[in-house]
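Subject: Handover of a structure, with findings

Dear colleague,

Please find below the structure that I am handing over to you. My notes on it follow directly after.

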Amino acid sequence: MEKRNKRTLLNWSIAGILMLLFLIWHGAFEGPVTSDEIEYYVERYQEQHSEVDTSNLRRFLEEDDGKPVVMVNAIKLYDTPTEVNGQKFGATSEEALSEYTSFVLPYLIKRGSYPIYSGNAVFDTMEVWGIENAEEWSSGALMRYRSRRVMLEMATDSVFDQFHDAKIAAIEKTFAFPATTVISTGNLDLTVGLVLLSLALGIQLFINWYRE
């Protein structure tokens, strides 16, 4: 009986620790950016992009509620990638964009951020008004960022600039805007929690069944 109790305690402790580690990675305990962080990110971004007005960036950070952000993207690729700063990025726009994502995805996944959805367009825009040149797109995507802090960490990372040129070479036009979740039929927190709970229950059943 004593061994069974120890195994039970170990089983649920491991499940609890794994869930806690996941929640930390996923940003459950991450708060809004601080005023010092805002000044740091705005100043760093301004140094790298002196031609850009950072007033919207500052407001975006000042309105941070600490929640994850989903970036909604629509993308139209060039038929042939362009040269950027005299550099070529692959024979096709898909190859050029892949060079960009080969850096971005691992960078973001390490920081609790990942694509929620990505798909290729199968037809022209079915409904559009109030916007010009919006009839044709190549793909659409939803990218989850753990926080606005992560977004600015990447945007102000000097390594990011090297790969951002590949994105410019590949994409003819795009729009992207940040959104917070109101309704979602998918929830990774719940999925991971249920998986860990199922595993722990399965192990517990084996512990209870096993005879010393």
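In which helix is the place of Ala200? Ala200 belongs to helix α7, residues 188–209; helices here are DSSP runs of H or I with at least four residues, numbered from the N terminus.

Before going further, please note that this is a predicted model, in which local features need pLDDT of at least 70 and side-chain atom pairs count only at pLDDT 80 or more, while totals for chains, interfaces and linings use all residues. Residues are numbered from 1 along each chain as its sequence is written, and side-chain values use heavy atoms, with hydrogens and water left out.

Two residues

Ala200 is buried, with a relative accessible area of 2%; buried means under 20%, calculated with a 1.4 Å probe on protein chains only. Setting aside residues up to four places away in sequence, Ala200 touches Asn11, Trp12 and Ala15, where contact means heavy atoms within 4.5 Å. The C-alpha atom of Ala200 is separated by 42 Å from that of Ser35, 165 residues apart along the chain.

His26 lies in helix α1, which covers residues 2–26. His26 is buried too, its relative accessible area being 5%. Its side chain is joined to that of Asp189 by a polar contact of 2.4 Å (a pair of N or O atoms within 3.5 Å, of which, within protein, one must be able to donate a hydrogen and the other to accept it; residues adjacent in sequence count only if both atoms are side-chain atoms). Beyond its neighbours within four places in sequence, the contacts of His26 include Gly112, Tyr114, Arg144 and Arg146.

Two helix pairs

Helix α4 (residues 93–109) packs against helix α6 (residues 158–170) at an angle of about 155 degrees, and their axes are 8 Å apart. Axes are lines fitted to C-alpha atoms over the stretch in contact, and angles run from 0 to 180 degrees between N-to-C directions. This angle makes α4 roughly antiparallel to α6, a term for angles over 145 degrees. Among the residues making the contact are Leu97 and Phe103 of α4 and Phe160 and Phe163 of α6.

Helix α2 (residues 35–48) and helix α3 (residues 55–62) have axes that come within 10 Å and cross at roughly 155 degrees. These two helices are therefore roughly antiparallel to each other. In this pair, Ile38, Glu39, Tyr41, Val42 and Tyr45 of α2 meet Leu57, Arg58, Leu61 and Glu62 of α3.

Yours sincerely

Methods:
Buried means under 20% relative accessible area, exposed over 50%, partly exposed in between (1.4 Å probe, protein chains only). Angles under 35 degrees count as roughly parallel, over 145 as roughly antiparallel, 65 to 115 as roughly perpendicular and the rest as oblique.
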